[in-house]
Amino acid sequence: MRALIKIIKEQVNSFYLIMRLAKFQLRIDNQNNYLGFAWEILNPAIQMAMYWFVFGFGVRGNQEINGVPYIYWMLAGISFWFFIQKAILNASKSIYQRYSMVAKMDFPLSVLPSYIIMSKYYGHLVLVGIIMIVFWIAGYYPSIYYIQLIYFLAMSYILAFAITLLTSTITVVVRDVQMLIQSLLQAMFFLSPILWDRSGSATMPEWIQNILMLNPFYYLANGYRASLLYNDWYIVSHWELTLYNWGLILVLLLIGSSAHYKFRNRFSDFI
């Protein structure tokens with residue numbers, strides 16, 4: 001717990017540093033593109049169109065899910081994925097890629113994954129804003145449940161940080177972990193209800209469906225949908241999942257902060 005408190009203090013004290021570095025990283029990521037930051041939106045948009053064509057139009061025949069056209073149902077659930085996938089993959093290798101730049105400075109190393117995550121978070125906020133406008137045009141108007149969306153936006157950032165605090169440390173020691181993370185993320189994506197609805201899987205045993213609910217992406221995807229489309233206080237109606245996911249985040253933070261401080265002074269040896 002002491003290590004976690006130190007990490008939290010480090011994050012709070014470095015807030016403005018994280019914001020500045022995140023904006024700088026965003027410019028670096030897009031400096032060679034003519035359309036610049038627009039690719040942060042265009043790339044997910046192209047992928048969403050492809051997923052809709054294959055899963056919505058091809059597999060489901062454009063059928064509605066719980067009274068909502070598949071295209072809107074998918075847009076609400078998939079929006080966080082483009083952020084959290086890029087954030088986890090890039091932040092997991094942030095320490096061993098950037099350690100040499102800050103090795104001789106009094107630099108808080110836990111900031112390295114944080115500013116990478118924040119640089120991806122800007123694009124996510126813009127994407128969610130565009131999706132909200134699309135929903136308003138389609139007749140899904142703003143409601144009080146948008147307050148809940150703020151909660152899920154914050155939770156997606158905290159989950160990404162909790163995961164990468166641990167993985168960015170382990171990846172310094174064992175580089176193969178980066179490949180494992182990539183494979184696990186892909187599996188978790190297709191095993192979560194981002195593109196398909198588990199209620200439509202009548203042949204799937206209930207115990208398997210219950211196991212799939214342990215995937216944190218399950219909670220986030222349905223939370224975004226409840227806030228934007230279904231007008232449901234998902235935090236309360238699925239309080240068991242709320243407690244489980246915060247418990248999972250806390251465990252990840254405790255393990256990640258302990259591992260970070262255990263290996264922090266030995267990063268140079270491994271790199």
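**Exercise 1.** In which loop is asparagine 66 found?

*Solution.* The model is predicted: local features need pLDDT of at least 70, side-chain atom pairs count only at pLDDT 80 or more, and totals for chains, interfaces and linings use all residues. Residues are numbered from 1 along each chain as its sequence is written, and side-chain values use heavy atoms, leaving out hydrogens and water. Asparagine 66 lies in the loop between H3 and helix H4 (70-92) (helices are DSSP runs of H or I with at least four residues, numbered from the N terminus). Although not a glycine, asparagine 66 has a positive phi of about 50°. With a relative accessible area of 56%, asparagine 66 is exposed (over 50%; buried is under 20%, partly exposed in between, with a 1.4 Å probe and protein chains only).

**Exercise 2.** Classify the crossing of H3 and H6 and list the contact residues.

*Solution.* The axes of helix H3 (residues 39-59) and helix H6 (residues 111-138) come within 9 Å and cross at roughly 55° (axes are lines fitted to C-alpha atoms over the stretch in contact; angles run from 0 to 180 degrees between N-to-C directions). H3 is therefore oblique to H6 (under 35 degrees is roughly parallel, over 145 roughly antiparallel, 65 to 115 roughly perpendicular, the rest oblique). Glu40, Ile41, Pro44 and Met48 of H3 make the contact with Gly123, Val126, Leu127 and Ile130 of H6 (heavy atoms within 4.5 Å).

Terms used
Helix = DSSP H or I, 4+ residues; strand = E, 2+ residues; numbered from the N terminus.
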